[in-house]
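Welcome! Open your viewer, get your selection tool ready, and let's walk through this protein one stop at a time.

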Amino acid sequence: MRLPAQGWPALVGGGLLNVALGTYYAWSVFVPALEREFGWNRSQTSLVSTINMVMVPLMFVLAGFLQRRIGPRPIAVIGGALFVGGVLLASWAHSLLVLYLTWGVMVGAGVGFGYLVPITVGSKWFPHHRGLVNGIAIAIFAAGSGLFGPLGGMLVERIGWRATFQVLAGIFFVFTMAGAYLLKDPPPGYIALARKTSATGRPRTHPIDVPTAQMLRSPVFLALWLAYGLGATAGTMVISQLVPFARSAGFSAKTAAFALTIGAIGSASGRFFSGWLSDHLGRLHTLRAIVVVSMLATPMLYAWRQDLLAFYILLFFVYYCYGTQLSVYTALSGDFWGTKYLATNYGLLFLGFGVAAALGPVLGSRVFVTTGTYQYAFFASGGLACAALIILSIVRPPHQAAVAQTPALATENIS
């Protein structure tokens, strides 16, 4: 697990940027205060999560095209500015439209731009530790909600949600701009030291760099795109409804807010440990195992929601599975199609997450408003995870034919 020293400033920069951006996962902590003040219902406030979660993959694709032309640092600055601006302007919201445009569109766009940079820059500095490095970057992103979510909940009770948004915006400005300054690609001609995988004992080689247009014609891409969206739906649903769901189960506001921390720990753990594990056991094997856990844990979370210990344990696993997918699919994209076009290739694969971003919050909120319970939403999410598992069980690496013909690729461990 020891990483070369040269790329560490980029990892630190990515951490500073991501810990701020990850706070968008803590949206549900602000929902009760907004609903009390304005009388908005759960479907209306949940649409904020839907908007920003959909904006993330859409802007990720745009940022990928721009990054190849203007470099990672300007993209990170744009992302930080949009995110901070959205949080700040949301503090003056008096209507749903303004809230949707600020915390929804602007915050989501900022995350989409900023989230791209640590992933792509880290993959270039540490190509032989792609799963681990992506896991670190994305785990820190998840940790943001665990750090700033409880802080935001405490501040809302003491100074109100408007002042809380303003305080957080000031903190996020410092974090995002400092992080953007440290993020840059390796110099021309940079060659990372190779390593041997513990799983095979053979040196990893670089896969073929597949242009985006060619990747889009691959059946493997479509299969992974669908599996990504279906598998991540359970996570996006629980994230968007977590605090209201915990309160409906009979827990106090403090207990419900602490659930954000448990979720953040679970998500960060999945992104880090499963990212590292996938370097050794293989990406597809890791994804299949995690989707099975998600398929079981999500319905069980509803069934045992009133037992606090079981609630926290199952919540950890739901978030762990969600975080794993965000980490491992990122590394898998580099394995299957190379790092040269990673910004755009993974950006388009990440649109599969957009399906989950749209489906999860709508599924949770609409089912609750219609039936008065989250039961059917949680069990439906388990069914969608089952569909993702079926797809992943038939996916094979796209270079299998090339591996059989090309000795240089025969050593590649890409599954």
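**First stop: one residue**

Select Gln 67: this residue is buried, with a relative accessible area of 6% (buried means under 20% relative accessible area, exposed over 50%, partly exposed in between, using a 1.4 Å probe and protein chains only). Gln 67 sits in helix α3, residues 42-70 (helices are DSSP runs of H or I with at least four residues, strands are runs of E with at least two, and both are numbered from the N terminus). Now show what surrounds Gln 67: leaving aside neighbours within four places in sequence, its contacts are Pro 72, Ile 75, Leu 116, Val 117 and Thr 120 (contact means heavy atoms within 4.5 Å).

A note on what you are viewing: this is a predicted model, where local features need pLDDT of at least 70 and side-chain atom pairs count only at pLDDT 80 or more, while totals for chains, interfaces and linings use all residues. Residues are numbered from 1 along each chain as its sequence is written, and side-chain values use heavy atoms, with hydrogens and water left out.

**Zoom out**

Show the whole protein as a cartoon, and you will find 15 helices and zero strands. Of its 415 residues, 61% count as buried. Among contacts between residues at least 6 apart in sequence, 86% join residues at least 24 apart.

**Into the core**

Which residues have the most contacts inside the largest nonpolar core? Select Tyr 24, Trp 103, Leu 224, Phe 311 and Tyr 329 to see them; this core has 119 residues (a nonpolar core is a set of buried Ala, Val, Leu, Ile, Met, Phe, Trp, Tyr and Cys residues joined through side-chain atoms within 4.5 Å).

**Two helix pairs**

Next, select helix α9 (residues 219-248) and helix α12 (residues 308-337), whose axes come within 10 Å and cross at roughly 150° (axes are lines fitted to C-alpha atoms, for helices over the stretch in contact, and angles run from 0 to 180 degrees between N-to-C directions). The two helices are therefore roughly antiparallel (angles over 145 degrees count as roughly antiparallel, under 35 as roughly parallel, 65 to 115 as roughly perpendicular and the rest as oblique).
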